[in-house]
Amino acid sequence: MAERPSSHAIASIEAVESGLAAQGYIASRQIATAVYLSQAIEKPILVEGPAGVGKTELAKAIAAWRGLKMIRLQCYEGLDEAKALYEWKYAKQLLYTQILKDKLGEVLGGAQTLHAALDQLHGFGDVFFSKEFVEPRPLLQALLAPEGCVLLIDEIDKSDAEFESLLLEILSDFQVTIPELGTIAATSAPTVILTSNSERNLGDALKRRCLHLHIGFPEQKLEERIVESRVPGISQILRRQLVAFIHDIRTLDLKKQPSVSETIDWARVLVLLQASELGHEVVKDTLNVLLKYEADIEVALPQVTSFVAKTQRQNIFG
Amino acid sequence: MQENLHRFFRAARGVGVHVSPAESIDAMRAVASVGFADRNVLRDSLLLTLAKSEDEKKALGSCFDLFFAQVEPTQPEGGGEADAGESPNAVPQSPAGAGDTASQSLGALAQMLLAQNRTEISAALANASSAAGLSDIRYFTQRGLFASRMLDLMGIQRLRDDLDALNESNPALAERLQAATEDLRTAVREAVSQALALYGREETENLRHEILRNAPLSRIEPRQVAQMRALIRQIARRLRERYSKPRKRQRRGHLDVRRTLRRNAAWGGVPFLTAWKRRHRDRPKIVALCDVSGSVARVSDFFLLLIHSLHEVVDDVRSFAFSGHLIEVSEILDSKPAEEAMADIMDKVGFGSSDYGSSLVDFEKEFMASVTPQTTVIVLGDARSNNLDPRAEILKRIAERAKRVVWLNPEGRMTWGWGDSEMPRYQTFCNVVRQCATAQQLERAVSDIVATYR
C-alpha cells in the first residue's frame, strides 16, 4: 500500500486522549486507541453503540482537535451515488452548449465532410465531461480536500445495502472511479468515521475494511468526568449523585435506556433549577428529561425514592 | 512474536471470530504501531482490528486472556538461556543432599525435575508442545494422544527407567522423583486442556451440533435441551436471513403495453416511460396448528420455538395450539419472548390427552375464515387421537380452501397407522407429509414452506 505523507502524525494514545479532552470529549482508552490506530494504519473507524453515547460527537471532536474540516454525510434509505458521491451539472452543461454553439460552428466550419467534423470534435476531448462540470457531493468533497478532513458517514445502517458496496472502494483505497474522468485518489487520506445504531447487520466486506469500535454506556467514573467537562457549573456532590442515579436507572428494564446525552441534558436542567443535591421531588419533576417513553417513566417512578436514598447514602460514605 | 500472533489468530478462529488474511495483516500493522509494552492497549488493538461485533469482541476478549495467560514459548526459551548460566550450578546443588553419585547417571529430564528449575521445566514443556504440534488439537478425544506424545518427546521413557533404577538404589530420591513426575504429568495435561480450549473449540462445537441436529427431538436428554434451543434459534436466524430480506423486484420481463400507453398518454402515446409486467408474488400466509398434548410434549416444545421464530420471518402467521381443544396463540407468541410464551401456552392447553377431532371442530367453528387460497396450513403432530373420531372431513374442507396443507409428524413412517394413529386418514388430504423428528428435518421442512412463496 502506498504511503501517503500524513500532514501531522499523532504521537501516542495519550496524545489522543488529551487532545480530545481539550475539545470537551472525554474518551475512554478504547476510543483513544481506535483513533490512534486509524491514523497509524489509515483505516476508517466503524462506531457502533446505542443512541446518544457520543458517536457523532467523536467525529466532531476529532475535527476540532486536529483543525480539519468536517464533512458529514447523513445516510437514509434511498441515498444514492448522485447524492453521496458526485453529479453532473446538467444545467450548466446545457447552458454551455447553447453559449458555445456559435463557437462550435466556427471551429467546425472548416471541415468539409461529416467525418472531418467528427475528427475535429474528437480532438477537443470531452469538453463537457470534465472536472468543471462535476458537482462533488460529500464523499468526493472529502477526497478532494487538500489537507485532509474528517469524513463522518452517519447512521450507515439506515442506508441500503447497495450504498454500502459503493463505499467499499473509498474506504479501502481512499479513491473513487468516475467513468468519464477516471480514478480520483485522495490527496491526503481523510479520517473516516462511520456510525451505526445496529438497525441492520452491515456486510462483512464493509466491516472488514474498518476498525470496529463499540461504544457502550461509560463507567461511573468516566461519566462523571464527561458531565464535569460538559456542564461546568455543576457541584461535585450533585454530579456524583446524578451519575450514580442514572447508573441505577440503567439497571431497570426500560424501552430506551438513558444515555450520555440524556445525562448531560439532565445535568443542565438540574443546574438551571439550581438544585444542589438530588431530591425526590426534583427527580420526579424532571424524569421526563431522562426517559422518553411514558411506559418507562411508569416503571422508574416507584424506584425513584429508593435510588435517591441510595445515592445519598453512598455520598455520605464515599 | 509474529509466530505468537499467528497462533493467536488461529485461536481466534477457534472461538468463532472470522479472521481473514487481510484482517490479520491489519492486526499485525496495528500491533506494530502500538507495540507490546502495554497489555491492555494490545488487547484493545486486537479487538478493534479483528472483532466485528459485540459478541465477537466478548469471545475474542476471553480468548485473549486465555491465550496470554499461558506461558509463551519464545519467552521461556530466552529466559532459559539466561538461566543457563545458573542452572549448571543449581543442578549439582540440590541433589547433593540426596547423593551425588546417583544423580550423575540420571537422564536429562530426571535431573531437571529433581532440580525443580521452574523456568527450565516450562521451557521444556513449551518446546515439547510445539514439537508435538499441540496447536493442531481439534477434538476433546485427542487429549490423551497429545499428552502422551508430549511426554514421549520430553523423554518419559528414560525417566521411567531412571525411576526403576532409583527404586533399587535410592528410595528417598525415587520418591521425590515420583512426586515430581506426577506434577509433570499434571502440567502436561493442563497444557493440553488449555490448548484444546484455545484451538479446538470450533471443531468440537461443530461435531456436537452435527450430532444434535440429527438426534430425535423426542429423545433429547435434559442437559441437551438448552443446547437444542440454541440450535433451533440458530436455524430460525438462518431462515430469517434467507427469507426476510426484501429482495429488489427484478425489472426484467415483458412490456406491459397497456400500462405503457396509458402512462405516456401525455406525449401522444410516444413511449418515453416504459412499464413492465411484474410477476405477482404471493405474500406468505401461514396457519400453524401445533399439537401440545402429552404424547408429543417433548417435541412440541421445539415446534413452538420454531413457530415463534416463524412469527419473526413471516408477517402473516396465525398459530393455534391444541390438545383436547384448540386455542389461538398468535398473540402470546407475538408479544412475549420465546421461553415465556411457551410456558404460557403449555399452561393453557398443554399436556392433555389429544383429541384431533374436537380440535378440528374448534378450528372450523371459529377460525376457518383465516384460511384463504394463499394460506399454507401446517399441522405439527403425531395424529394420535386416542381412538376418538378423527373428523378427517374437516381437514378435507380446510385443504379445499387452502393453498397447501403440510403435515409434519415427529413419528417415523413405519408407525403411521398403528395403534391410535390416524395418519393414513389425514394423509389423503395433505399436499405434503413429512416425518419431522430431528432439528435438521424441521429446518428443511420449514425452509421448504417459506421457499414456496418466493
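1. Conventions. Residues are numbered from 1 along each chain as its sequence is written, and chains are lettered from A and ligands numbered from 1 in the order in which they are written. As the model is predicted, local features need pLDDT of at least 70 and side-chain atom pairs count only at pLDDT 80 or more, while totals for chains, interfaces and linings use all residues.

2. Confidence in chain A. The pLDDT is the predictor's confidence in each residue, from 0 to 100. Chain A has a mean pLDDT of 85, with 96% of its residues at 70 or more. Residues 1-7 of chain A have pLDDT below 50, and beyond near neighbours in sequence this stretch makes seven contacts in the model. Two residues are in contact if their C-beta atoms, placed from the backbone, lie within 7 Å.

3. Make-up of the chains. Chain A holds 15 helices and nine strands; chain B holds 22 helices and six strands. Helices (H or I, at least four residues) and strands (E, at least two) are DSSP runs, numbered from the N terminus. Of the 318 residues in chain A, 33% are buried, and of the 454 residues of chain B, 36% are. A residue is buried if 20 or more other C-beta atoms lie within 10 Å of its own, exposed if 12 or fewer, and partly exposed in between, with C-beta atoms placed from the backbone.

4. Contacts along the sequence. In chain A, 78% of the contacts with a separation of 6 or more are between residues 24 or more positions apart. For chain B, 74% of contacts between residues at least 6 apart join residues at least 24 apart.

5. The interface. Here 15 residues of chain A contact 17 residues of chain B. On the chain A side, the elements giving two or more residues are α2 (29-40), α10 (204-208) and β9 (211-214). The largest share, six residues, is from α2(A). By class, this side of chain A has seven nonpolar, four polar and four charged residues. Ala, Val, Leu, Ile, Met, Phe, Trp, Tyr, Cys and Pro count as nonpolar, Asp, Glu, Lys and Arg as charged, and the others, Gly among them, as polar.

6. Helix α1 of chain A. In this helix (residues 13-22), A:I13, A:V16, A:E17, A:G19 and A:L20 are buried. They pack against α2 and α3 (55-66) of chain A, together with α3 (39-50) of chain B. Just after α1(A), A:G24 has a positive phi of about 85 degrees.

7. A helix pair in chain A. What meets A:R239, A:R240, A:V243, A:A244 and A:H247 of α12(A)? The partners are A:Q220, A:E223, A:E224, A:V227 and A:E228 in α11(A). The residues of this contact divide into three nonpolar, two polar and five charged.

8. The β4 to α20 loop of chain B. B:N386 is in the loop between β4 (375-380) and α20 (392-401), and B:N387 lies in the loop between β4 and α20 too. B:N386 has a positive phi of about 55 degrees although it is not a glycine; phi of B:N387, also a residue other than glycine, is near 60 degrees. Are these residues buried or exposed? B:N386 is partly exposed because it has 15 C-beta neighbours inside 10 Å, whereas B:N387, with 9, counts as exposed.

9. B:R233. This residue lies in helix α14 (residues 222-243) of chain B. B:R233 and B:A338 are 105 residues apart in sequence, and their C-alpha atoms are 9.9 Å apart.
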